[in-house]
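Here is my note on this model. Please read it with the coordinates open.

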Amino acid sequence: MPVSVLLVDDEPLVRAGLRAVLEAQPDIKVVGEAGDGAAVIPLVRQLRPDVVAMDVRMPLMDGIEATRVVLRTVPEPPKILVVTTFENDEYVYEALRAGADGFLLKRARPAEIVHAVRLVAEGESLLFPAAVRQLAAEYGTNKAREALKRAALTEREATVLRLMARGLTNAEIADKLVVGVETVKTHVSAVLAKLGARDRTQAVIAAYESGFVAPA
C-alpha cells in the first residue's frame with residue numbers, strides 16, 4: 001500500500017507544490033489537505049493518513065497545538081512531519097517536543113521531501129539541523145539529566161542513542177556497529193523504554209536536553 005499523506009499548510013501554493021512532488025511517486029498518495037491545524041483532527045479521523053505534513057505557523061491553530069491534540073486524542077495516530085521555513089525556529093523545536101516525528105524545510109529539494117516522508121512513515125526520525133540541536137541543548141534541565149541517569153543505559157544502548165542523535169537509521173546503525181538490523185531495533189526499543197520516550201525523536205531530544213549528546 002502507498003504511504004498516505006495529509007498536507008496541512010495555510011498557503012495553497014505550498015500545498016500544491018508538496019502535492020505535485022509527492023504524487024509523482026508511485027508509493028506515496030496525498031489523501032487530503034487542510035489550511036489550518038484546527039481542521040486536522042476530523043480529517044485524520046476520516047482519512048487515516050500514515051503521515052501528516054504539518055506547517056508550524058498557522059492562524060487559528062498552529063502546528064504545535066495540532067500535534068499535541070492529534071497525539072492525545074487519535075488512537076494509533078499518524079506520523080507527523082513538521083514543515084517550516086526557518087530551521088532555527090523555536091516553534092519547530094516545540095513541535096518536536098510535543099511529539100512530531102521529523103523536520104523538513106519548505107525549501108528542501110523534491111528528493112529530500114520524498115525521502116523525509118518515506119523515512120518518517122517507516123518510523124525513523126530525521127536528523128535535526130544544527131540550529132535545532134543547539135536549541136535542545138539550551139533547553140537542558142537537571143530533570144532531563146537525572147532522567148537519563150536513572151535510565152541506566154548499557155554501553156551498547158548508549159552508543160545506539162548517540163548514533164540515533166546523529167540521525168542514523170536502523171540500517172545505518174547496524175552497518176556502523178556491524179550487527180543485524182533486528183539487533184539494532186532491539187536496542188532502540190530498550191532505549192525508548194528506559195527513557196520513557198514515545199519514539200526516536202523524543203529519545204534524541206532527551207539526549208540533547210540532558211547533555212548526554214552535545215550539539216556539533
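The points below cover the basis of the model, the sheet, the cores and a few single residues.

1. Basis. This is a predicted model: local features need pLDDT of at least 70, side-chain atom pairs count only at pLDDT 80 or more, and totals for chains, interfaces and linings use all residues. Residues are numbered from 1 along each chain as its sequence is written, and side-chain values use heavy atoms, with hydrogens and water left out.

2. Sheet. An open sheet is built from 5 strands in the order E2-E1-E3-E4-E5, with parallel pairing. Strands and helices are DSSP runs numbered from the N terminus (strands, E, at least two residues; helices, H or I, at least four). Two strands pair if DSSP finds at least two bridges between them. Strand E2 (28-34) and strand E5 (102-105) are the edges, and each pairs on one side only. From one strand to the next, the twist averages 25°.

3. Strand pairs. Strand E1 (residues 3-8) is joined to E2 by 6 bridges. Ser4 has Lys29 as its bridge partner in E2. E3 and E4 pair over 5 bridges, in the parallel sense. Here Val52 has Ile80 in E4 as its bridge partner. E4 and E5 are parallel too, over 4 bridges. Thr84 stands opposite Leu105 in E5.

4. Around E4. The E4 strand is mostly covered, with 5 of its 6 residues buried. Buried means under 20% relative accessible area, exposed means over 50%, and partly exposed lies in between (1.4 Å probe, protein chains only). E3, H3 and E4 form a right-handed β-α-β unit. Right-handed means that, with the strands pointing away from the viewer, the path from the first strand over the helix to the second runs clockwise.

5. Helix on the sheet. Helix H5 (residues 110-121) lies across E1, E2, strand E3 (51-55), strand E4 (79-84) and E5. H5 runs at about 155° to E4. Axes are lines fitted to C-alpha atoms, for helices over the stretch in contact, and angles run from 0 to 180 degrees between N-to-C directions.

6. Cores. Which members of the largest nonpolar core touch the most other members? They are Val8, Val52, Met54, Ile80, Leu161, Met164 and Ile173, out of 52 residues. A second, separate core has 20 residues, including Val5, Val30, Val51 and Leu81. A nonpolar core is a set of buried Ala, Val, Leu, Ile, Met, Phe, Trp, Tyr and Cys residues joined through side-chain atoms within 4.5 Å. Beyond neighbours within four places in sequence, Val52 is in contact (heavy atoms within 4.5 Å) with Leu6, Val8, Val44, Pro78, Lys79, Ile80 and Leu81.

7. Arg19. This residue sits in helix H1 (residues 12-23). Arg19 is partly exposed because its relative accessible area is 25%. Neighbours within four places aside, Arg19 is in contact with Leu7, Val30, Gly32 and Glu33.

8. Thr201. Helix H11 (residues 200-209) holds Thr201. Thr201 counts as buried because its relative accessibility is 1%. A polar atom of the Thr201 side chain lies 2.9 Å from the backbone oxygen of Asp101.

9. Positive phi. Most residues other than glycine have a negative phi. Glu76, not a glycine, has a positive phi of about 45°. Glu76 is in the loop between helix H3 (63-73) and E4, and counts as exposed because its relative accessibility is 71%. Ala152 also has a positive phi, about 50°. Ala152 is in the loop between helix H7 (142-151) and helix H8 (155-165).

Conventions: Polar contact = N/O pair within 3.5 Å; in protein donor to acceptor, adjacent residues only side chain to side chain.
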